[in-house]
Amino acid sequence: MKYLSLLAVAVMFSACKSTNKPADVKSYTIEQLYNNKSIAGAGFNADETKVLIEDNSTGIFNIYAINLADTSSKQLTHSTKDSYFSIGYVPGTNDFLYSADQGGNENSHIYLQKADGSPVKDLTPWANTTNSTNGWSTDKKYLYVVSNKRDPKFFDVYKLDAKNWKDELLYQNNDGYSPGPVSKSERYITLTKSITTDKNELYLYDRTTKATKKLSNDKDATWYPAAFTKGDSSLYYITNDGSEFSYLVKYNLVTGATVKVYSTNWDVVGMELSDLEKYYTVYVNADGKTKVLLFDNSTGKQMDFPEIKDGEAKSAVFSPSEKNIMLTVGSSTSPNNLYVYNFDRKELKPITRTLNPAVSSDDLVSAEVVHFKSFDGLEIPAIYYKPKNAGKDKPVPAILWIHGGPGGQTTTSFSNQIQFLVNHGYAVLAVNNRGSSGYGKTFYKLDNKDHSNGDLKDCIWGKKWLQQQAYIDTAKIGILGGSYGGCMVLGALAFHPNEFKVGVDLFGVANWMRTLKSIPPYWEAQRKALYEELGDPYTADSVHLKKISPLFHYQTINKPLIVFQGMNDVRVLPIESKEIVDGVKKNGVSVEYITYPNEGHGFTKKDDQITTANKTLAFLDKYLAGKK
């Protein structure tokens with residue numbers, strides 16, 4: 001996955017039909033839409049009577065437990081400053097783990113909250129470190145943790161004893177690998193190494209022999225480990241070796257034989273094996289939608305999920321006994337909800353309701369997957385939202401929505417901000433420009449060393465597609481994006497100053513040389529791959545990087561601009577936004593600058609999200625729609 005796609009903001013061809021008669025639709029405030037809940041499920045407790053989730057009902061993410069008998073929810077943490085993200089219950093107990101950083105600085109730590117209410121314990125109390133969990137040992141007595149505490153540039157693997165939480169070094173990483181799953185016996189650890197942003201290598205480290213075996217080949221392909229089976233017999237991994245799309249492979253650790261387990265004409269993006277290995281799930285990125293497939297592990301046959309009216313299953317978590325499975329279900333008109341399905345009773349039970357009762361899903365707009373031809377004839381996929389009140393007699397303004405990246409993707413998932421803009425009369429076309437994930441290996445590579453050229457032209461041709469729709473006000477089209485998408489916004493205004501009427505930039509890269517030089521130390525494993533794709537700022541590539549950096553071309557920006565920035569952002573530094581704002585002001589152009597002191601790369605606090613949406617709408621109403 002490409003660098004800034006991990007910073008992303010961060011959403012089959014069908015014809016777009018227009019109607020002459022606009023529909024009546026209720027208008028909602030952003031506060032009403034942000035009273036929708038955002039949740040995610042982590043796992044079941046020991047007796048499978050509760051599930052652990054994160055929920056932003058208080059305005060920031062906290063940890064809750066849902067009682068499965070009556071679906072009541074109990075708040076377990078009470079943070080008012082930093083978001084807490086659920087990891088799961090400590091096996092066999094009602095104690096639980098969660099992760100949190102400090103004000104968006106990305107120094108995530110892992111915390112233990114015991115069920116008896118004793119003080120929270122930081123299991124990774126190492127200053128200036130980034131830490132993540134890597135599963136439990138087979139006997140559930142040890143937690144695997146990946147941390148850069150020894151060297152800020154490299155991540156090692158530790159095991160923490162759940163009795164006293166003392167750590168033991170399991171694997172020391174001196175060569176810039178990214179550690180993956182640990183085998184059941186702890187003999188093997190998977191490692192990957194980035195070569196370019198679309199090529200990496202897969203290795204198997206043997207802790208017994210101290211040997212590192214290369215499983216990948218030297219072709220342009222990606223390789224990602226997924227899961228070990230019992231007895232260290234096999235390893236599942238995902239690769240696109242010899243194929244446009246990624247597929248699932250089972251590798252025999254004894255013989256070295258491989259078997260293709262699952263493939264389709266879309267990318268397989270994930271696989272999970274249940275603890276008792278009765279089932280496994282496969283995740284597929286199918287034309288902007290995530291689909292979860294369930295398989296019987298003994299037969300390899302696909303099993304049907306029960307019918308779900310609210311949307312499609314997007315993720316799944318098995319219970320310890322494997323009698324239950326928790327499904328995350330969502331659609332473009334509904335925030336994600338959680339369901340629990342019992343295999344024995346064949347009973348499906350909804351356990352959350354996240355849509356604000358004051359909001360009717362009938363007033364929201366379903367995302368539509370469309371394709372359009374770009375400047376060179378390449379077909380570009382996009383996610384489209386047409387306002388219900390749009391018609392030939394009532395043309396509406398429009399916004400191009402540009403995802404983060406390079407290498408990100410906008411999907412049909414629910415978005416409060418997109419629905420807010422559409423509800424207030426703006427058509428939204430979310431362009432998955434060349435270089436986006438999910439559309440094959442060739443498409444993914446098309447922006448390499450060509451940033452702010454072909455990918456930016458795709459956005460301009462997206463604008464032309466909008467102008468062909470009879471209900472779009474062709475003179476009122478703006479562009480909005482975050483992170484790399486924010487860079488695309490600034491590039492559109494700087495390099496094509498007459499194409500878009502306004503720009504909305506959320507923490508976008510303005511100076512590529514500085515951004516690439518200031519990569520956080522824990523990105524060391526990916527740094528060379530980023531330089532391979534974008535350019536090495538310490539070489540002659542700096543000439544090209546300066547050419548595509550909007551900061552050095554601010555003089556040509558002549559359209560209104562609004563910029564949002566988290567002041568703790570370690571990926572796109574605040575100075576990026578400040579300097580582009582200062583430069584554009586010199587042009588006598590209207591520019592607004594909104595900063596958040598306790599946010600990082602992306603805004604997690606509901607109040608800040610509301611402020612961003614409201615200020616964006618006010619800006620668009622004034623400078624794009626021309627409302628008084």
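Is Lys463 buried or exposed? I looked this up at the start. Lys463 has a relative accessibility of 8%, so I noted it as buried. The model is a predicted one.

**Entry: the partner of Lys463**

I found Lys463 in a salt bridge with Glu499. The closest N and O atoms of this pair lie 2.9 Å apart. I then placed both residues. Lys463 sits in helix 4 (residues 454-467), and Glu499 sits in the loop between helix 5 (484-495) and strand 34 (503-506). The pair links distant parts of the chain, 36 residues apart. Glu499 comes out at 24% relative accessibility, so I logged it as partly exposed.

**Entry: Glu186 and Lys159**

Next I checked Glu186. Its side chain meets that of Lys159 in a salt bridge, at 3.1 Å from N to O. Lys159 belongs to strand 11 (residues 154-161), while Glu186 is in the loop between strand 13 (178-182) and strand 14 (188-196), so the pair ties together parts that are 27 residues apart in sequence. I recorded both Glu186 and Lys159 as buried.

**Entry: Lys627 and Asp621**

I turned to Lys627. Its side chain forms a salt bridge with the side chain of Asp621, with 3.6 Å from N to O. Lys627 has a relative accessible area of 47%, so I put it down as partly exposed. Asp621 is at 18% relative accessibility; the cut-off for buried is under 20%, so Asp621 counts as buried.

For the total, I wrote down 21 salt bridges.

How values were computed. Residues numbered from 1 in each chain as written. Predicted model: local features only at pLDDT ≥ 70, side-chain atom pairs only at ≥ 80, totals over all residues. Heavy atoms only, no water. Salt bridge = Lys/Arg side-chain N within 4 Å of Asp/Glu carboxyl O. Helix = DSSP H or I, 4+ residues; strand = E, 2+ residues; numbered from the N terminus. Buried < 20%, exposed > 50% of the residue type's maximum accessible area, 1.4 Å probe, protein only.
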